[in-house]
Amino acid sequence: MDRLQEAIAALHAVDARRSESRIDPAARLIVCMAFSLTTVSFGKYDFCGLMGMSLFLVITAIWENISVWKGLCRLRYILAAVALLGSANLFYDRNVIFYLGGLPVTGGLLSALTLCSKGIFTVLAAYFLLYLIGMPGICRALRRLGIPGGAVTVLLLTWRYLIVLLKEVRRMWQAYGMRAPGQRGVRMRAWGSFAGLLLLRSMDRAETVYQSMLLRGYDGEALREPAGRAASGRSILYVAAWLCVFIFLRWIPLFRLAGRLFLS
Amino acid sequence: MSVIKAEHLTFSYDGAEEVLSDVSFALEPEETVGLIGANGVGKSTLLKILVGLLPGYRGTVEVGGLTVDKKHIRQIRELAGYVFQDSDSQLFLSTVYEDVAFGPRNYGYAEAEVDRRVMDALRQVHMEGLRDRQIYRMSGGQKKLASIATILSMEPQIILLDEPSGALDPRNRKNLIRVIREMKGTKIIASHDLDMVWDTCERTLLLSGGRLIRDGRTKEILADEALLQTHGLELPLSLSHG
Ligand SMILES: Nc1ncnc2c1ncn2[C@@H]1O[C@H](COP(=O)(O)OP(=O)(O)OP(=O)(O)O)[C@@H](O)[C@H]1O
Ligand SMILES: [Mg+2]
């Protein structure tokens, strides 16, 4: 069960991340959301314009030293699903829009490419955010932006439950494997009780984990900030600068102009 | 004034069978008390009631002069720390440091103070070297010591330890006994490791069939072979040899 171990480790890594940078998690959250909204708002044939948005991803990856390749590998299943959904467009829209060096480019191809890119960009942006500030950071940022504590707690607990669930799967899998040597996976007949027991056990454990959080002062409401932190000038600058860039990329068709130049 | 007081405490999980019936005792500040009894007599249940995890008991229970109920729950939990029998329930964050820092951070201390508390707690259980260790890569014994540290970092006045010596090898067990002796505050240690109780507790409470059978000096209760045997326990090894 190396895969499970790997998944648990990855979740824990995200859990442990505390941003050491001086940029507020809330600022990062705002920029990430603005990025996603701008990305999604591009027209369905505006592939060239959309490519401009990659600037944010490239700069963030370089600046924060994030390996995009590793990210893509980790996210391969999600990305594959995105690609699959996007490629449906290929079959709907067969009008030829223009010729690229003699090859016809249909509306379907263009919109499929645009849709896939939109998906990949937003998923990557979310991954970067998780990588940079971690789940607790996101929850803290949400609190700071005025989301009710109850809602944030539910999010945090769902996250914890996911980890608990995976650990429980591993434990039961090992126990099962021990007594069913030479067998790959769980046999059909055992699946029902395996799943039922898993649910009960993981819920039980999630409950005790929650109790342990309560006993250590988690009041189910506020996720406390280290005392006395105001929005730093750096964070404000970070948000303002990126918002300007997004607006510029969205409304001034830099890449499209370049594209025109190239095509004509 | 007693720090912990229970009077006519009765409890059942689902209204059917009484797990605890008519239990009364009181603890003075700085006392270390052993809570012994066979498997399933309600040791963990009693400790959980004291920290307000199991509401709906009958009788009176007071911790630090406060009645254990919804109104006082936050104050009581700041006063009293409970170390779970099963460390995997206690530890849920990724690294030792993060988990030990969870409590102090919840109480809103500044990062410097959090750091001091974490390092203090780790020093007390002799685990400074493992501060950045990932928890799922630790042995059962290490996890036990780490989960004790998660409570020590909150600097509680009352510490409730549930089966602390389970999963510990002889050396770590000795280490734990030293840790318990060095810990300040009022302590209740629920265990069927009678040797450890013998080494750490002045006073012992013996539970059986949901009732408090004996409350007295450890030296007397643990030396009473007939009493222990009727209630499913055996003499501590250190006594049975000599
Ligand atoms: N969540 C629960 N729901 C219903 N019954 C429970 C629950 N937890 C414990 N019990 C029952 O309550 C009784 C006391 O359990 P408790 O865990 O307090 O025993 P214990 O003295 O701590 O035992 P051990 O030495 O095995 O830890 C047992 O008979 C147990 O079956
Ligand atoms: Mg118990």
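**Chain A and the ligand site of chain B**

Reply: In this predicted model, 77% of the contacts in chain A between residues at least 6 apart in sequence join residues at least 24 apart. Chain A is built from 12 helices and two strands, and its elements follow the order α-α-α-α-α-α-α-β-β-α-α-α-α-α from the N terminus. Of its 264 residues, 41% count as buried. The accessible surface of chain A amounts to about 15,000 Å², and carbon and sulfur atoms contribute 68% of that surface.

A:Ile247 belongs to helix H11, which covers residues 233–251 of chain A. With a relative accessibility of 52%, A:Ile247 counts as exposed, because the threshold for that class is over 50%. A:Ile247 and A:Phe35 are separated by 212 residues in sequence, yet their C-alpha atoms are 9.8 Å apart in space.

The part requested lies in chain B. B:Ser44 is located in helix H1 (residues 43–50) of chain B, whereas B:Gln85 sits in the loop between strand E6 (80–83) and helix H3 (87–90), so the pair ties together parts that are 41 residues apart in sequence. The two residues also fall into separate accessibility classes: B:Ser44 counts as buried at 18% relative accessibility, while B:Gln85 is partly exposed at 40%.

Both of these residues also belong to the surroundings of ligand 1. The remainder of that shell consists of B:Tyr13, B:Val19, B:Asn39, B:Gly40, B:Val41, B:Gly42, B:Lys43, B:Thr45 and B:His192. By residue type, the shell divides into three nonpolar, seven polar and one charged.

An oxygen atom of ligand 1 is 2.8 Å from a polar backbone atom of B:Gly40, and an oxygen atom of the ligand is 3.0 Å from a backbone N or O atom of B:Gly42. On the side-chain level, an N or O atom of B:Tyr13 lies 3.4 Å from a nitrogen atom of ligand 1. On its own, ligand 1 has 640 Å² of accessible area, and the protein covers 58% of it.

Key:
Residues numbered from 1 in each chain as written. Chains lettered and ligands numbered in written order. Predicted model: local features only at pLDDT ≥ 70, side-chain atom pairs only at ≥ 80, totals over all residues. Heavy atoms only, no water. Helix = DSSP H or I, 4+ residues; strand = E, 2+ residues; numbered from the N terminus. Buried < 20%, exposed > 50% of the residue type's maximum accessible area, 1.4 Å probe, protein only. Near = heavy atom within 4 Å. Polar contact = N/O pair within 3.5 Å; in protein donor to acceptor, adjacent residues only side chain to side chain. Areas by Shrake-Rupley, 256 points an atom, 1.4 Å probe, with all protein chains shown as cover. Nonpolar A, V, L, I, M, F, W, Y, C, P; charged D, E, K, R; others polar. Contact = heavy atoms within 4.5 Å.
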